[in-house]
Amino acid sequence: MDKALNEIGRLRNEMKVGFIELENQLQSNNDSLQKKIQETSQLTIEAMERFSKKVEVGFIAVEDALENDLSVIKKEIVDIKKRPDQGNL
């Protein structure tokens, strides 16, 4: 009977150790995942900032092109109005 109780105690202690090891491994995995999530979040933020800057540069380029086109069109209208046969526009 004492042998059986000793065996039960030994197994119980092994289970406690196993659970502690499992808990430590889970905590380590959790810490690792948290770190990866933070790194991924930071990389995503940086990528979004770079994309935002590229979009802004693109909008500025389009705006400049449209302003240039408008200047050309205004000049053409002035030139047309200066022509004797088109002066009534």
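Predicted model: local features only at pLDDT ≥ 70, side-chain atom pairs only at ≥ 80, totals over all residues.
Colleague: Thanks! How many helices and strands are there in the chain?

Modeller: Helices (H or I, at least four residues) and strands (E, at least two) are DSSP runs, numbered from the N terminus. Here the chain has 1 helix and 0 strands. Helix α1 covers residues 2–82, and E23 is found in helix α1.

Colleague: What does the chain span along its principal axes?

Modeller: The C-alpha trace spans about 125 × 15 × 5 Å. Another way to read this is the radius of gyration, taken over C-alpha atoms; the globule rule is 2.2 Å times the number of residues to the power 0.38. For a compact globule of 89 residues that would be near 12 Å, but this chain has 38 Å.

Colleague: What share of the 89 residues is buried?

Modeller: Buried residues make up 0% of the chain. The chain exposes about 8500 Å², and carbon and sulfur atoms supply 60% of that.

Colleague: Now to charges. How many salt bridges does a search of the whole structure find?

Modeller: Side chains of opposite charge can pair when their charged atoms come close. We call it a salt bridge when a side-chain nitrogen of Lys or Arg is within 4 Å of a carboxyl oxygen of Asp or Glu. The search finds 3 salt bridges.

Colleague: Which residues are linked in a network of salt bridges?

Modeller: The network links E7, R10 and E14. The closest N and O atoms are 2.5 Å apart for R10 and E7, and 2.1 Å apart for E14 and R10. R10 and E7 are 3 residues apart in helix α1, so about one helical turn separates them. E14 and R10 are 4 residues apart in that helix, again about one turn. R10 is partly exposed at 38% relative accessibility, as is E14 at 43%.

Colleague: And where do K75 and D79 come in?

Modeller: Their side chains meet in a salt bridge, at 3.3 Å from N to O. K75 and D79 are 4 residues apart in helix α1, so they too are separated by about one helical turn. K75 counts as exposed at 54% relative accessibility, whereas D79 is partly exposed at 32%.

Colleague: Last one: which residues form a nonpolar patch on the surface?

Modeller: Patches are made of residues with over 30% relative accessible area and no salt bridge: like charges are joined within 9 Å, nonpolar side chains (Val, Leu, Ile, Met, Phe, Trp, Tyr) within 5 Å. Here M15, F19, L22 and L26 form the patch, with about 440 Å² of accessible area together. M15 lies in helix α1 and is exposed, with a relative accessible area of 51%.

Methods
Residues numbered from 1 in each chain as written. Heavy atoms only, no water. Buried < 20%, exposed > 50% of the residue type's maximum accessible area, 1.4 Å probe, protein only. Areas by Shrake-Rupley, 256 points an atom, 1.4 Å probe, with all protein chains shown as cover.
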